[in-house]
Protein chains: 2
Amino acid sequence: MKPIALTMTIAATSLAANMHAAQQQRPNIILFMVDDMGWQDTSVPFTDTPTPYNRMFQTPAMERLAASGMKFTQAYACAISSPSRCSLFTGVNAARHGVTNWTLLRDQTTDEPCDSIIIPDWNYNGIQRVPGINNTFVGPSFVQELKDSGYHTIHVGKAHLGAFDTPGENPHHWGFEVNVAGSAIGGLATYLSERRYGHDEDGNPTSRFAVEGLEKYWNTGTFITEALTQEAISELDRAKRYGQPWFLYMAHYAVHVPIDRDTRFYQKHLDRGLSPREAAYASLVEGMDKSLGDLLDWVEKNGEADNTIIIFMSDNGGLAAGGQWRDGDLHTQNSPLYSGKGSLHEGGIRVPMIVRWPGHTTPAARCDNYVMIEDFYPTITQMAGIDPDKSTHYGHRIDGRSFVPLIDGTGDPSADRPLIWNFPNVWGLPGPAIDLNCAIRKNQWKLIYNYATGRKQLYDINADISEKNDLSASRPDIVRTLSAELGDSLRSAGAMRPLLKRTGKPLPWPDETR
Amino acid sequence: MKPIALTMTIAATSLAANMHAAQQQRPNIILFMVDDMGWQDTSVPFTDTPTPYNRMFQTPAMERLAASGMKFTQAYACAISSPSRCSLFTGVNAARHGVTNWTLLRDQTTDEPCDSIIIPDWNYNGIQRVPGINNTFVGPSFVQELKDSGYHTIHVGKAHLGAFDTPGENPHHWGFEVNVAGSAIGGLATYLSERRYGHDEDGNPTSRFAVEGLEKYWNTGTFITEALTQEAISELDRAKRYGQPWFLYMAHYAVHVPIDRDTRFYQKHLDRGLSPREAAYASLVEGMDKSLGDLLDWVEKNGEADNTIIIFMSDNGGLAAGGQWRDGDLHTQNSPLYSGKGSLHEGGIRVPMIVRWPGHTTPAARCDNYVMIEDFYPTITQMAGIDPDKSTHYGHRIDGRSFVPLIDGTGDPSADRPLIWNFPNVWGLPGPAIDLNCAIRKNQWKLIYNYATGRKQLYDINADISEKNDLSASRPDIVRTLSAELGDSLRSAGAMRPLLKRTGKPLPWPDETR
């Protein structure tokens, strides 16, 4: 009996050793998510040749990341924050999760009033992992999958997943073991420590958008972007001691309004000739970029560069409506893309994205195939070594498709794939393709349909990135085909649509009108 | 087709409604865990007639709970904190999880030096949910089961599950969505806000045992027991808004040393004639009891009394060694039980326990069957409506047995059941049945075996609660039977035993010596 027992012991030991080794070799992952960052808010060109905006912004860390990784030139998100972030966490398209506008207070919509239209009863309470809350989508969490599989999970910055007073407001609800400054808010009162990130001198919030959890930085002159970075690095130091693979969701409040001046960079941009408004915005962007650089430095100094995946992403296009914050004509701040945040034109939904995955991406690579925000769920879990065939996503279905084949060159999940947007809401700032619309992108074509006016726009995105030439009149065949596919997709997703106040009836689906 | 579709819609709606209703009806659960509270540190008698200690302490809230619930007169924990809490969270007996002494710093044991004995390589890094850390037990978490099944999970107070710089140090690692003041520490620097719970005026910790996360109570005159209670109530207010069933782990640092005076109650006990030392301890106990009362009030005022299970428990016996903190002869402070914290005599392991489960327990009920700390895992998950046949405990095996049958009167899981303790360590304070021993309780019998001396003690606990009459000489048959069962249980659990320094060989198992 002795030899057999001995063999079993050895086998068990080997198994444990292998498990240990496998755990050690799993890659760390940083998802660096910027808020409201436009496709052009960087010195990294996502076009064939650099643009004026690429020359205006200075983002050396993004350049460093792009030089060592893969740039995605057609990365899509939703047009505003909550839909994007809810898709990111659940892997579900916004047409199905129904968190179509931005969330804030429980049981209160954020839609602007509209005389003629009834906004549908969308999921203004955001996403949750448990049933029991009205107007919410119950879904899975890729972060919980990472945690359950052995990752240490760190949230730093903006969460914006569930409304105040719902369980989903808390990043710990989504599987994070650490949360720094994440809550129900989707914007911030101020970046300034002198204003205690939205608190008075007694520590009471002066705004619904006060950022909590950064008390130790109050009155220290630390811009919030820097405070969050220091907290993130402190957590990485801890994670290293833990010896687990880790996931850092570095979700900056930058570069959302208010465009406070990051004084570390502001004067330089003034000196470069930028106006005070543009210099302030460029300083906000560069402060964010400095954070990325600090994280790149950390992984290098700590010998983790070869074992850390870094994904850079924004949650929607740059703000180009309103006119209060930026120079230039309205809706031009993402040029050559048209319009911006809130819009289903490219300026609202196409965002800067870069992926560095040692051993997979090659330096200075570029991918022109399109990907969508809900694709991050299956992609990140696959990168982490979670077998997609074994995950049931806690009994939920996801819509996203892994873009690992695009990175590894083993396939094209975007070929003939329809991407869908649905925004049956009224956001607040007017502009081109903002409000009460839906859209589909398939191969080179994009159709935008306005529920209220019935207008359909058709663009050949590959030939006309600026969406100047509406081809809807000349290509009725494509309009018909895409209208049908969009209508089918929306209905099968259980999507909501606006109603006409006068009749109380829903407005037509895109394939119910010409 | 229409009628069928309609029926399906109705069915789906009913299912959702039922799920919602089921979620609403699941009971809230408060596990009120006191640190180092002895069996006699209360005015609630756990004996047939009240004892002098029952008259010395004043715990009106415990009386209220006992009057409306079920008292367990033979509730067992381990002899010190870490083993108990690790068993509580994982449902695994300490002989198997191997966290046999108290944990603190990573990769450092807390054993007192011993000239002749080598302490085995126990799991001094505590418990974790993931592999990759040496000297640790990887196990499941009943809190994660609660969270995954839809509970909102709140940790307030002492955690003490993993050593510093291991993932298990963080309550969020165990499935808590909220953590107030829980960390790797198993004791506290001070209860006093004037000493900022262990921080200097600049906010730097003055001790390894500084309690973090209660900054807002510093210098407010708030005893830590009260600060934790206020935080817990604030979290219950939030939980109520969430609309989920909730689990509150109210884990007081009280009544661990240092025995700081709770000035809300101290003078009263002096006036009652207690010595300063005993009055201080009685004030500490009464402050803890006031916390229980505040929680009982909260559930009543909020209409949750009929839907909230309250479980009162301590993690080990009262401190009776050392002599620095309490009056009376050493090892008498749990009288009629002998010895105290650290000992395998009843004074070290039998603890006060009360359960109120509306609709299940009857008022002023009493259960004399024995239960063990690892039983809380299957019991609480069963109470929460988690089907034991469907839970795999994340692929782990648990040792505990649900005591729901004892509450409902449907069975006796304690009949003929062996309970096991293993302490191959040297704690620090000497005393009867402290250090280098193991024990078994089965029906009325208890055998204690000392690894170092080979001594065996046998007691008939039902007849001799004070363990005055060692029957080992007169009942060698029982000694032999229990030694064999204890030895088998320890070996099958993979338990560790001390080694003799002189020979480097392990000391005999209880059934390897007479």
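Q: How do you know that Phe247(A) is buried?
A: Phe247(A) has a relative accessible area of 0%, so Phe247(A) is buried. This is a predicted model, in which local features need pLDDT of at least 70, side-chain atom pairs count only at pLDDT 80 or more, and totals for chains, interfaces and linings use all residues. Residues are numbered from 1 along each chain as its sequence is written, chains are lettered from A and ligands numbered from 1 in the order in which they are written, and side-chain values use heavy atoms, leaving out hydrogens and water.

Q: What makes Phe142(A) count as buried?
A: Its relative accessibility is 0%, so Phe142(A) counts as buried.

Q: Why is the pair of Phe89(A) and Trp174(A) called edge-to-face?
A: Rings of Phe, Tyr and Trp (its six-membered ring) pair if their centres lie within 6.5 Å; planes under 30 degrees apart count as stacked, over 60 as edge-to-face and the rest as tilted. The structure holds 40 aromatic pairs over all chains. For Phe89(A) and Trp174(A) the centres are 6.3 Å apart and the planes at 70°, so the pair is edge-to-face. Both Phe89(A) and Trp174(A) are buried.

Q: Why is the pair of Phe142(A) and Phe247(A) edge-to-face?
A: Their ring centres are 5.5 Å apart and the planes stand at 75°, so this pair is edge-to-face. Ring pairs also link Phe142(A) and Phe247(A) into a cluster whose members include Phe89(A), Trp174(A) and Tyr377(A).

Q: What makes Arg129(A) lie over the face of Tyr394(A)?
A: A charge sits over a ring if NZ of Lys or CZ of Arg is within 6 Å of the ring centre and within 35 degrees of the ring normal. Arg129(A) lies over the face of Tyr394(A) at 4.6 Å from the ring centre. In chain B, the charged end of Arg129(B) sits over the ring of Tyr394(B), 4.5 Å from its centre.

Q: How do you know that Arg241(B) and Asp165(A) meet in a salt bridge?
A: A salt bridge is a side-chain nitrogen of Lys or Arg within 4 Å of a carboxyl oxygen of Asp or Glu. The N to O distance for Arg241(B) and Asp165(A) is 2.6 Å, and their side chains meet in a salt bridge. Between chain A and chain B the count is two salt bridges.

Definitions and conventions
Buried means under 20% relative accessible area, exposed over 50%, partly exposed in between (1.4 Å probe, protein chains only).
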